[in-house]
Amino acid sequence: MKYLLVQEDEDGVEQLWGRCAGVEGLFVDPVALPREVLTLRGCHPEGLLSEVLAEPDVSLRSLGDVCVEVWDDEQPVQWWTLVDAVVVAHQPHPGDPGRYDIVLGAGVRNDESFFAVPATPRFELFAGTTVAAAGAGRCSDVDGLFKPRADPASVPMELIGCEATEPLLVGTQRPRRWTRGWADLLVLNRHGAVMASRSGSPPAPERRRLGKVSPA
């Protein structure tokens, strides 16, 4: 068996759901996010964003993924990613000619939200989503960031040659009544040690909802 399907309870105890010989759909790219238009208001650009705005023909210049941190008075409380962001247009901010209003096209993903949006938030921008991502500036508002969005479409996986335990069998017999629909998939090496895992803890971007279970 190359894969284990497990669920971890609130106490950190893992429950085995099944052993599988193969998994179809594990390495399928997630469904692309719909493109949206957002405006960075009162933006003071730095780094990559400043370099892009300094170019003569800035329209439709790609920034890659841009991380937006939403801060209260003391700390960041929300993290958003503007996926494959592209500068569409920019102009001086009406209240401060030294700042800019920058229109972006991007997919929008909420990576983590600890608290509600502060009454007077500030926004820090980063070119990239890693810990080492360089700062790209700050702005006073991001129009279009907090609007309601549908959950991203999930990519089902098919478990091949699965030895399902009772909890998983219950789910396959009564799928519409089953409420425990998330689990972690552990990838094993030839010695049975865990090499990698695909987390099922919401709202991780790599989540996959379980699909069909093929009999062993």
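Colleague: How many cavities of 30 Å³ or more are there?
Modeller: The count is two. Keep in mind that this is a predicted model.

Colleague: How do you find a hole like that, anyway?
Modeller: A probe the size of a water molecule is rolled over the atoms, and this shows where empty space is left.

Colleague: Take the second largest cavity. How much space lies in it?
Modeller: About 60 Å³.

Colleague: Which residues line the second largest cavity?
Modeller: Four names to start with, among them: Leu40, Leu48, Leu49 and Leu63. The lining also includes Val66, Leu104, Leu125, Ala127 and Ala136.

Colleague: Which elements give two or more residues to that lining?
Modeller: Helix α1 (47-54) does, and so do strands β5 (61-71) and β8 (122-127).

Colleague: Is the lining of the second largest cavity nonpolar or charged?
Modeller: Nonpolar. Nine residues of the lining fall in that class, with no polar and no charged ones.

Colleague: New topic. How many aromatic pairs does a search of the whole structure find?
Modeller: Two. Trp80 and Phe146 form an edge-to-face pair. Their centres are 5.8 Å apart, with 80 degrees between the planes.

Colleague: What does the pair of Trp80 and Phe146 tie together?
Modeller: Trp80 sits in strand β6 (residues 76-93), and Phe146 is in the loop between β10 and β11, so the pair links parts that are 66 residues apart in sequence.

Colleague: Now Thr165. Where is its place?
Modeller: Thr165 is in the loop between β11 (157-164) and α2 (166-173). Its side chain reaches the backbone oxygen of Leu16 at 2.8 Å. Leaving out residues up to four places away in sequence, Thr165 touches Leu16, Trp17 and Gly18.

Colleague: What is the mean pLDDT of the chain?
Modeller: It is 82, and 86% of the residues reach 70 or more.

Colleague: Which element has the lowest mean pLDDT?
Modeller: Strand β14 (residues 210-215), at 40. Strand β10 (residues 141-143) has the highest, 97.

Colleague: And where does pLDDT stay under 50?
Modeller: Over residues 200-216. The model still has 47 contacts beyond four places in sequence for that stretch.

Notes. Residues are numbered from 1 along each chain as its sequence is written. Side-chain values use heavy atoms; hydrogens and water are left out. Helices (H or I, at least four residues) and strands (E, at least two) are DSSP runs, numbered from the N terminus. A polar contact is a pair of N or O atoms within 3.5 Å; within protein, one must be able to donate a hydrogen and the other to accept it, and residues adjacent in sequence count only if both atoms are side-chain atoms. Contact means heavy atoms within 4.5 Å. On a 1 Å grid over the protein atoms alone, a cavity is a set of points where a 1.4 Å probe fits but cannot get out, and a pocket is an open set with protein on both sides within 12 Å along at least five of seven lines; lining residues have an atom within 4 Å of a point. Grid points are joined across faces, edges and corners, and a volume is the space filled by probe spheres set on the points. Ala, Val, Leu, Ile, Met, Phe, Trp, Tyr, Cys and Pro count as nonpolar, Asp, Glu, Lys and Arg as charged, and the others, Gly among them, as polar. pLDDT is the predictor's confidence in each residue, from 0 to 100. Rings of Phe, Tyr and Trp (its six-membered ring) pair if their centres lie within 6.5 Å; planes under 30 degrees apart count as stacked, over 60 as edge-to-face and the rest as tilted.
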